[in-house]
Structures are given as C-alpha cells and as structure tokens.
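Have a look at the model first.

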Amino acid sequence: MKITPTALLVATFLPAVAGFAPAQRSHFPTSLASTTAQPPERIAPSAGWEPEWEGREGLSPEEFMKSDLSKPDLSGMWECPLTRWDSDGIDVKQAQKEAAKMPHCPLEISASAADNALGAEYFSQNKEKIRAELLKYGAIWFRGFDLMKSVAGNREMHEALGLDPCLDPLHSSGLRKFASERDALYEEVNKPSLRQHYIGLHNESTAKRTAAYAAFVCFQRATEGGGRFLVADGAAILAELKTETLEKLYNRKIRISVSNLDIPPALPGMVKEGIKGLVDVAVAPKFDMDLEMIYESDGKPGRLQAVETAESPINRHPVTGLPVWFSNAHNHARKLRDRRPCGVPEVGMTEVFYADSMEPLSLEDCLEIKRASEKHITALSMEPGDVLLVDNYRALHGRDVFQGDRFHAVTWFTWDQNDQWRGDERRIVEKNAFNQAINQMMDWLPKDFESNQS
C-alpha cells in the first residue's frame, strides 16, 4: 500500500480519538511515565457497585460469530444522527433536585428458564415495557439470556425491540472496526495493546453526532480476569456533583482536544502554519467532527491540537427533557488519565479545557468529576449472552482493564420513532476504503506497548 503524506498524518492523529478503555478494581503497578514533574501514582478507579460473576459459559468463536445469512445485509445502515443539544437556560440547582429523583441505573433483568425458552419472542412480547423502562432507568442489563450468545441471536433481540441500527459517531475516522458488518455490529475495544488502558465514562458522542441508543453484548469475557463493563447514570452524576463546580463548568462550558501533533517549536511560523493548514484541510474533515486546529493549547511549545467546539456539560434529554450530565470529561481529562492506568501514546492523549479561556480544567475540578462519577459506576460482570441496553443521552459507559482475550461488541441505534431527528443520511459507501485502510494501519501497531508520556 502506498502511504501518502495525508495517510501518515491521519495515522498520526488516529489514537487520540480512539481513547476509550477501562480499568481493574485493584491497584496495580505501571511503568508508564507522566507529563508531570512528579509523576502521580496510577491507581485503578473504584466503582459504587460490583455485581458478582456467575460463571456462565459461552460459545466458541466459530459458533458465536455466525451470522444468519437469510436476513438482509444491514451494512447500508443509517448515518449516526446529529447531536440533539438543548442546554440553554438550565437552573443548575433545580436540575440537581430533579435528577436526584431518578431510580438506580441500570435496571437488571435476569432470564428465567421460561424467558429463555421464548427466545426472541420474549423481547417482542415485552417490547413496549422494555422501551419505557429504558427511558426510566437509562440502561437495562439483560443477564443470562441464551439468545444473545451469538451474533445472529443478538440481532434477533434488537430487531424484536424495533431498534434501528446506525453508524458509530466516529465511523468516518476508520477507528471503528466491524465485528459483523452485515449485522451492524462493531467490535468493542478488545485490542491486546489496550488491555491495560482504563476507558473512562463517556457518552458515545461528539459535539456533532450522537447515537440515540446502544446494545453492548458479551460473547467472551476476559479469559484471565478484569474487563468489567462500566455504566453510570448521567442524572445521578449531575445530582452528586458539587453545585459550585457544576455551575462553574456549565457557565464556562468546555472544549475537548482529541489529538496532539508535536511540531519542532523552532520551525518557522510559515512552515508551522502550512502544517496546520494541511491537517485542517486534508485530515480533520475525515473525522466528521467540528474541529479547530490550535497550537499550544496545553502550553507545550510546538504542539498542534485538534479541539472540538465549545459544549455544555449539561444537556436536556431529547425525549424526557430531564437535565443530565452529558460530558466525556471523565474519560478525556488529562489530569485523570495521568492518575490511572493508561495505554495511549502521547499523540492520542486528550485534554479538557474551559471553553472561555482554553485553560485545562483544574485538578480540583477534575477530582470532583472523578469522585461524583465513580461513586455511581456499576462495574458489570458481563458474561456470554449478557446485553446492556443503553440510552446514550442518559447513561455513560466505559471499560475496566483486563488480562487475556476478551470479545465484546456493540450496535448503535438511531431515532426509530422520529424521522426528523434521525435524518435521511445513509452510510456513505465511498468512505469505506478509507476506513479499511485506517483499520489496517491500526493493526500494524504493536499488540502490547507502553506509551512514553514524558
């Protein structure tokens, strides 16, 4: 394959946007360096709830990867819908009172023998109730269902619920690899190189695009331990945060940098501006995000960062109108990444800024986001056949570190009951060659590495 300058720049910017991974409940040593003069201790975050494992067995990879070829090919699925922003004029104190009334997320539904005997019919019969409970609780953990132990059965489940698949918000970047394209099923972050990277809480969203719902499925739990799937209620986090911190973040808004390109500071200004222009024109549009290329936002000389537009960390739910914490700050804040297991190279290290000053969030604010978020994490012990159905505007998700091999997957869904919100964009097939090329580049990366963040 011929590698063009644009392809090289794309490869350089890839890991930044891809930074989604989780951590273990125990402390463990790491040799990763830090950006700080005195490297802080890296400690795996805790969780508010940790359900026990049940020890259920799954199918072999050859069996669980089988697709039902009699069903239509879903590869021409809908584009991920545009983000529904409704964040103006929120009374923060009143919003916290409303959010505090919400029930614990997720709702857990364990399959009985009778439920398993029904197969997909269980979901058809309970469709309306399940959809209503998803709005009420923000996420539903279907536990012990035999149907979803395979790709074919997982598809039967979401089709019985009337959910309409769409592309991942970052599909155009090529960073999202399909597990089964014809079944609209993406592979989760299972790469061996990211086993020891903790994926913080985030909505699957950018300032531009957000999936309405998601179904995360486990086909194979981590063979040597760890790998719990993390979920937390955006309403509970909103209610938990200190009011003064929440008001500060809401009033100032935030911006998130998704990638770094370190240019020699001594280069002439004209050359640096030329590089910035090339990245802006040739690379940034590939990610289908509203990005601004800014030099030295984090204070490092010569660093070019791709930064999203300003956004509110509080947003009203598009259907219920409930104000919730709708922010990826727990995942992307550099001060939090530097204090937990992280396997992302420097090019992919993200940062969160106050939008009005482009200063990184203070350590105090980062630690408050960490405290409030992790208090409400449920670290799920997902086993083969388990599915977590998520309202992506209400609940945030992440993943703990793991050892061995792990195979989880996800399907994203658009608005199936509102054509206007869904839009009329279908998958742009011409982008597919680009996506495949990027995924091949990602596969060239070492399978296990330690990032040098000094």
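So, a cluster: Trp85, Tyr213, Phe326, Tyr393, Trp415 and Trp421 are linked by ring pairs. Rings of Phe, Tyr and Trp (its six-membered ring) pair if their centres lie within 6.5 Å; planes under 30 degrees apart count as stacked, over 60 as edge-to-face and the rest as tilted. Tyr213 also has Arg131 over its face, 5.5 Å from the ring centre. For a charge to sit over a ring, NZ of Lys or CZ of Arg must be within 6 Å of the ring centre and within 35 degrees of the ring normal.

A quick word on the source: this is a predicted model, where local features need pLDDT of at least 70 and side-chain atom pairs count only at pLDDT 80 or more, while totals for chains, interfaces and linings use all residues. Residues are numbered from 1 along each chain as its sequence is written, and side-chain values use heavy atoms, with hydrogens and water left out.

Okay, how many aromatic pairs does the structure hold? There are 16. One of them is Tyr122 with Phe145, tilted, at 5.2 Å centre to centre and 50 degrees between the planes. Tyr122 is in helix α5 (residues 120-125) and Phe145 in the loop between β2 (139-143) and α7 (151-160), so this pair ties together parts 23 residues apart in sequence. Helices (H or I, at least four residues) and strands (E, at least two) are DSSP runs, numbered from the N terminus.

Last one: Phe402 has the charged end of Arg406 over its ring, 5.7 Å from the centre. Thanks, everyone!
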